[in-house]
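I'll jot down what I look up as I go.

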Amino acid sequence: MASKIRVATTSLAGCFGCHMSFLDIDERMLQLAEVVEFGRSPINDIEHCTNCDIGLIEGGVCNSENVHVLREFRKNCKILVAVGACAINGGLPAMRNFIPLEECLAEAYLDGIGVENPQIPSDPELPLLLDKVRPIHEVVKIDYFLPGCPPSADVFWKFLTDLLDGREPSLSYELVHYD
Amino acid sequence: MSNTITIDGNTVPFEDGQTIMEAATAAGVYIPHLCHHPEFTPHGSCKLCTVNVNGRNCSACTFPAMEGQNVLNNTRELTDDRRKITQMLFVEGNHLCPGCEKTGNCQLQAVAYHLNMLDNHFPHFYPSRELDASHAEVMIDHNRCIFCTLCVRASQQKDGKDVFAISGRGLNKHLIINSQSGLLKDTDLEATDEAAHICPTGAILIKRTGYQVPIGERIYDHKQIDQVSLETEHPRHGE
Amino acid sequence: MKQFIQDLAEKNHYQATHLLQILRAIQSRYYYVPEDAIEQLAGLLQIPRTQIISVVEFYSFFHLTPRGQYELLISDSITDHMLGKIDLTGYLAKQLNVAVGAVRDDGLVSLDNTSCTGMCDQGPAGLINGYPLTLLDRTRIDLITELINQQKPLAEWPVELFHVDDNIYKPDLLLQQQIDDGSALRTAFKRGMQETLAEIDKSGLRGRGGAGYNTAWKWHLCYEGPEEDAFCEVATHNQQQRYVVCNADEGEPGTFKDRVLLNSYAHQVFEGMTLCAAIIGAQQGFLYLRGEYLHLYDKLQSVLDQRRQAGLLGNNILNEGLNFDIEICLGAGAYICGEESALIESLEGKMGIPRNRPPYPVTQGYLGKPTVVNNVETFMAAASIAVNGGGWFAGVGTEKSKGTKILSICGDCARPGIYEYPFGTSIQSVLNDCGASDVLGIQIGGPSGTFISNQEFDRKLAFEDLATGGSFIVFNNSRNILDIVNNFTHFFAHESCGFCTPCRVGTALLKKQLDKIIEGYGSAGDVVALEELCQLIKKHSHCGLGQTAANPVLTTLERYPELYQSKLKKISYEPGFDLDGALETARRMANRNDAGAHLTQVEEES
């Protein structure tokens, strides 16, 4: 039996909504499992991305950890896919781009309503925030884009089956949504 | 001799004084556009309606139809370029569809769907733009303005007012409001004005009407803009 | 202020078309255009306040917030840069204690950059309250600093600071044989106007602004007017209001010949305009003078007065029944107004946004009436042709490019200045004349023109080979081509009017993309992306600005592809922004500087 196609997924500055939508392919997951195995993914709790064919990235890049994870995916995936509005254009998390980071942090940790013991967290374990949330194509090279908030289960299905069957992936009008 | 042009090889009749866009629409040929609206003086700024006329690029909405024109509209090259121009509009402003009430009814989004635009391609500018919610019934989110001037023209040409204008130069272009405070509340704009409804994007919205039609059941959720455009912009195709 | 504005509006006959002139006066008096002034003016001129605000925000020389009482602007032309502009501006900022782009706390002085001021042969140059400062150096800057800090009125400043030279090095057909005042008109009246138009036709004169449209044909079309007028009665036809406009919005960086022509050959330029009026039947003319040439304004007004007194302007010119006068309108810092339809918009008191065409200005121009817009040099040549005949002019040049071309030569050469050449002259002989050696390449026709390499000096000045509106910038081998391209690309992004999407967004994206490559963040696909963007802007832009804005990149990419490639890293992708820099705010606020608080720009090889 030919080796299975390895797929890894992750969510950066996202809400996991795209992952939920992916799971909405429901029973088709069984069909998929016949030809696909999962590398790093929240679905299986594998922590690192190694040697994969396809990487699906949900969410934009908002902090230094996102950059590291995204690079790990780029390095280990033959095909990297931006999944959902946030990965493609920053999405709703990018709404903070219109407020200076300094003000965001101050509001959250220093002088916002209800803040006790005001201080900016400084534990080295914590990733630092970038001054702006970025779409992932501004940080690494991206091969495909699946728009939607989230992309519907059918989008995942169509895209993956196209790829697995060796077709150039394409999305019909009904499958293209930004909301 | 009868007045005809060809569009993508098909013969299309025109009347003297018609633009290429008008002749095309009358013949049921859709040419993508955002700043054009049949009721108002053509503007020619969005450049989505660029067609190739005898080897030269022209804006279909402003260029007069003339005998002997061989117009290319629905070509791979033009579609690719129109997609990039649409992507330019997306990165210039802050178009975050999931959080916009206009989603599904938005012409910018619909044109992008029509052109199979899957990403924004260019780096984002993420400009800082204001929101004007001062008016009791109408709000403006400048993040979504694409400077089509439809509100400017509708206010002047239909409402007999002069509520809006475009100011500034280059990328600093912005919509301004004709009141001493610069706020919408101090203008004579009413929610029933054409100008309050003409916005192709979600930049001008009527308050307290949000989400009356659920997402998924909106204009462009199931119908492409070419069809909708021909139905609404030319009576014969709307029957 | 109320009285001042009231008087100003009255002086301008409450005409909204005079909005730029009115705003110039307000800006000059109050150092900005105050909100109250806008409100009052809107009432007096009966235009919406938004028209005034949009005009203020469109033109670089108008401001909604106060500038300094002494407003210093430093020319940002590539030639100023080559003459040490950056260093000098830094010195100026330090001496005056004001940041570039800012107003000093005491409101006395502000400092900023401005697009090329047309003093490229005597830079580094600048403007103070609109008047040119030339040959800036540290000594002059020290003097200027002192004068400002003493609050000396400009009128008491040493005149040598404002001295502007003509620097005419090589006069030919036009510059050598100045015509006598009135001689073109007298000859034309004697010969007959249609016959004179035939002479201009015979001369083969083409527009000198760069586009090269046949001048006689343009005048003929304007005389004909719109199609609907073609069949009306002759009397009605003659009543049709027409306009003659001289385009002296010489904004193409590296060009300054119109400044010299207006300084020393103004009579002949005005005579050419009057001749045009006589031929097409116009009663009103305008000289649209770029705001940067404010220093010529009074002198040109007195030339107009002299001509009125000599019966060469005004009512019943030379007793031939011709009524025609000329008004000078100053621009306010917008390169786009050199485009003829944008210029007309500006003359009408609006933002300089190019119109949709057709209709063309010859049928629907100023206030919707047939209008001829020609370059300064074109009118001057037309006057000479009226005197000397079409054959005199057509005997010089090439088959498709008749006569001579006046060049503004600047950059790396011993004698920057004005040179006139018969069309067909080789680039090499121009270089020999101006004393250029060790040449890397030449920018011909300004940023919107072409960059040619030192392998192409046998090429010719001509519409059919190297067309130019007059700009000729020489670069020697010490110059970096990418710096030049960068300067030009930033210029276009700054000057885009913003009307159409491809130019408004495209020029800004082009600037970003080029910066990315030049700053060393470029990777494999970035030059391809750059070229794609260039083509898109070129193909889809509304007017000449956008259609040529990518020329600096395209013409150098064609000649020096390896130069661009060499800036690219041998990796598949690199972010276009500074990743580690993007963590700076968070790092500072969290008070961290550990390894985890930093990011490398590209992933390190493990």
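This is a predicted model: local features need pLDDT of at least 70, side-chain atom pairs count only at pLDDT 80 or more; totals for chains, interfaces and linings use all residues.

**Entry 1: a helix pair in chain C**

I started with two helices, and α21(C) passes α22(C) in a left-handed crossing. Left-handed here says that the near helix is turned anticlockwise from the far one by less than a right angle; clockwise would be right-handed. Helices are DSSP runs of H or I with at least four residues, strands are E runs of at least two, and both are numbered from the N terminus.

Residues are numbered from 1 along each chain as its sequence is written, and chains are lettered from A and ligands numbered from 1 in the order in which they are written.

Next I looked up the angle: the axes of α21 (residues 501-518) and α22 (residues 526-540) of chain C come within 10 Å and cross at roughly 160°. That makes α21(C) roughly antiparallel to α22(C) (over 145 degrees; under 35 is roughly parallel, 65 to 115 roughly perpendicular, the rest oblique). The axes are lines fitted to C-alpha atoms, for helices over the stretch in contact, with angles from 0 to 180 degrees between N-to-C directions.

Who touches whom? On the α21(C) side I noted Leu509(C), Leu510(C) and Ile517(C) among others, and they meet a set in α22(C) including Leu530(C), Leu533(C) and Ile537(C). Contact is C-beta atoms, placed from the backbone, within 7 Å. By class, this contact has 13 nonpolar, four polar and two charged residues. Nonpolar covers Ala, Val, Leu, Ile, Met, Phe, Trp, Tyr, Cys and Pro; charged covers Asp, Glu, Lys and Arg; the others, Gly among them, are polar.

**Entry 2: chain B**

Chain B splits into domain 1 (4-81) and domain 2 (101-227), with bounds from an automatic or database domain assignment. Their centres, over C-alpha atoms, are 25 Å apart. Domain 1 of chain B gives 13 residues to the contact and domain 2 gives 17.

I also found an open, mixed sheet of five strands in chain B, ordered β2-β1-β5-β3-β4. β2 (10-13) and β4 (56-59) of chain B each have a single partner strand, so one side of each lacks a neighbour in the sheet. Pairing needs at least two DSSP bridges. β3 (residues 50-53) and β5 (residues 70-72) of chain B pair antiparallel over two bridges, and Asn52(B) stands opposite Leu72(B).

**Entry 3: chain A**

I logged six helices and seven strands in chain A.

Definitions and conventions. Two residues are in contact if their C-beta atoms, placed from the backbone, lie within 7 Å.
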